[in-house]
Amino acid sequence: MDSTIWAKAHGATTHFPLALALCSAAFDAAGFALARQPIGGDLRAAGYWTMIIGAMGTVPAVLSGLLMTKGTVLGHDALRMHHVYVWPAFALVVALGTWRLFQGRNATRQAFAGYLILAGIAAGLMSAAAYWGGEMMIAR
Amino acid sequence: MKLSRGILSITAAAVVSGSALGSALAFGHWLQEAAARSSHQRPTVDYWLEPVTPTSPGLIAQGRRLFLDSCAHCHGADASGDEGPDLHDLRVSDRYIAHMIVFGEPHQMPSFAKKYGAADITALTSYLRSLESS
């Protein structure tokens with residue numbers, strides 16, 4: 001088997017949850033701000049689906065990463081920094097996706113504001129993880 | 001009703017998220033064990049019984065120079081592994097390390113018997129020991 005298969009798989013899978021989580025936070029923030037306008041509902045729907053699919057997309061990204069590093073959950077240097085952000089981001093995005101799935105459109109405005117703060121934190125954590133992933137690529 | 005749905009959603013999010021994270025970490029641990037079995041990073045009896053090579057900053061620096069010259073190509077400049085395995089936290093004896101350097105491993109690692117003598121192997125071992133976290 002090609003020894004770089006998991007590195008390639010990680011590269012192929014990791015960008016989807018990253019992009020989707022960032023877009024979801026942006027769609028939801030816009031939907032929250034424009035809640036009284038017709039487009040607000042559409043933006044919330046876009047935020048809903050991008051978060052659900054993004055949360056599902058974290059699974060192949062994490063599995064391929066683990067297989068690529070032979071199970072390293074922290075590692076050293078840039079890999080450690082990558083993991084410091086990856087694990088909380090993974091847990092948070094899965095939690096947010098699950099909450100969204102169970103809550104549907106029934107969340108109160110107050111609860112949704114809390115969700116938006118956490119989605120912003122998740123987007124920041126994922127961006128930081130992506131930054132350190134990029135640092136590793138440049139180092140190679 | 002609204003409150004109970006809210007509590008259900010938060011509980012489900014916590015359970016699913018915790019399970020996903022726990023499963024990922026457990027899978028990582030299993031993969032590490034499997035990799036350690038194949039790359040001899042599991043503790044061996046002689047690792048516990050044999051005395052370790054005394055080290056000094058000078059010896060470690062010399063070992064690092066030798067490492068960068070001959071080993072970094074496969075094990076990575078920071079010894080975190082590349083084509084060859086990660087050499088941090090090795091759980092093998094000094095004798096095993098010396099044996100590996102001298103004889104190599106068929107189809108995986110060349111022998112460095114002609115290149116490095118006993119003093120060089122001691123320096124390399126010291127450098128590898130300096131990569132241990134505890």
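Residues are numbered from 1 along each chain as its sequence is written, while chains are lettered from A and ligands numbered from 1 in the order in which they are written. Because the model is predicted, local features need pLDDT of at least 70 and side-chain atom pairs count only at pLDDT 80 or more, whereas totals for chains, interfaces and linings use all residues; side-chain values use heavy atoms, with hydrogens and water left out.

**Where the chains meet**

Let's start with the contact (heavy atoms within 4.5 Å), to which chain A gives 23 residues and chain B gives 26 residues. The buried area (accessible area, 1.4 Å probe, that two parts lose on being put together, summed over both) is about 2,000 Å² between chain A and chain B, with 68% of this coming from carbon and sulfur atoms. A:Lys70, A:His76 and A:Phe102 supply 25% of the area that chain A buries against chain B, more than any other three residues. A:Lys70 sits in the loop between H2 and H3 of chain A and has a positive phi near 55°, although this residue is not glycine.

Helices here are DSSP runs (H or I, at least four residues), numbered from the N terminus. What count of salt bridges (a side-chain nitrogen of Lys or Arg within 4 Å of a carboxyl oxygen of Asp or Glu) lies between chain A and chain B? The count is 0.

**Salt bridges in the structure**

Over all chains, the structure holds 3 salt bridges, listed here.

| Pair | Closest N to O distance |
|---|---|
| A:Arg100 and A:Asp28 | 2.7 Å |
| B:Asp94 and B:Arg129 | 2.5 Å |

A:Arg100 lies in helix H3 of chain A and A:Asp28 in helix H1 (residues 5-33) of chain A, so their pairing ties together parts 72 residues apart in sequence. Both A:Arg100 and A:Asp28 are buried (under 20% relative accessible area; exposed is over 50%, partly exposed in between, with a 1.4 Å probe and protein chains only).

In chain B, B:Lys115 is partly exposed at 46% relative accessible area, and B:Asp69 is exposed at 54%. B:Asp94 and B:Arg129 are buried; B:Asp94 lies in helix H5 of chain B and B:Arg129 in helix H6 of chain B, so this pair ties together parts 35 residues apart in sequence.

How values were computed
Helices (H or I, at least four residues) and strands (E, at least two) are DSSP runs, numbered from the N terminus.
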